[in-house]
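Hi,

Have a look when you get a minute.

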Amino acid sequence: MPDSDTADLVEAASVQGPFEADLIRNFLGSHGIVSVVRGRTAPFVYPLTVDGMAEFKIFVQPADLEKARDLLAARPAPDGEEGPPDAV
């Protein structure tokens with residue numbers, strides 16, 4: 001069952017780690033798209049990401065989904081990578 005804060009939203013992207021999720025949230029916000037980040041992490045005793053333990057999902061309004069995915073697909077790749085990371 002969806003959480004109450006994301007019930008009317010759709011998933012625009014899924015990333016590993018809170019830092020990348022915050023970057024995407026801020027990036028979308030700078031383009032006028034309000035987003036909500038939901039994720040789960042193990043306590044930071046061991047800074048490892050195993051089996052989706054640090055998976056974060058970025059949700060947007062259904063009306064903003066296409067624009068959000070277009071923006072994420074067009075963003076510059078991090079240094080040393082070939083293209084934009086997969087969104088969803």
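Which residue in strand 3 does Val10 stand opposite? Val10 faces Val60 there, and Val60 is also the bridge partner of Ser35.

Before the rest, some housekeeping. This is a predicted model, where local features need pLDDT of at least 70, side-chain atom pairs count only at pLDDT 80 or more, and totals for chains, interfaces and linings use all residues. Numbering starts from 1 along each chain as its sequence is written, and side-chain values use heavy atoms, with hydrogens and water left out.

Now the sheet: it is open, with 3 strands in the order 1-3-2 and antiparallel pairing (strands pair if DSSP finds at least two bridges between them; helices, H or I of at least four residues, and strands, E of at least two, are DSSP runs numbered from the N terminus). Strand 1 (10-16) and strand 2 (35-39) are the edges, each pairing on one side only. From one strand to the next, the twist averages 25° (axes are lines fitted to C-alpha atoms, for helices over the stretch in contact, and angles run from 0 to 180 degrees between N-to-C directions).

As for the pairings, strand 1 and strand 3 are joined by 6 bridges, while strand 2 and strand 3 (residues 55-60) share 5 bridges.

Then the helices. Helix 1 (residues 18-30) packs on the sheet, touching strand 1, strand 2 and strand 3, at about 15° to the direction of strand 3 (contact means heavy atoms within 4.5 Å). Helix 2 (residues 65-74) also packs on the sheet, touching strand 1 and strand 3, at about 30° to strand 1.

Cheers
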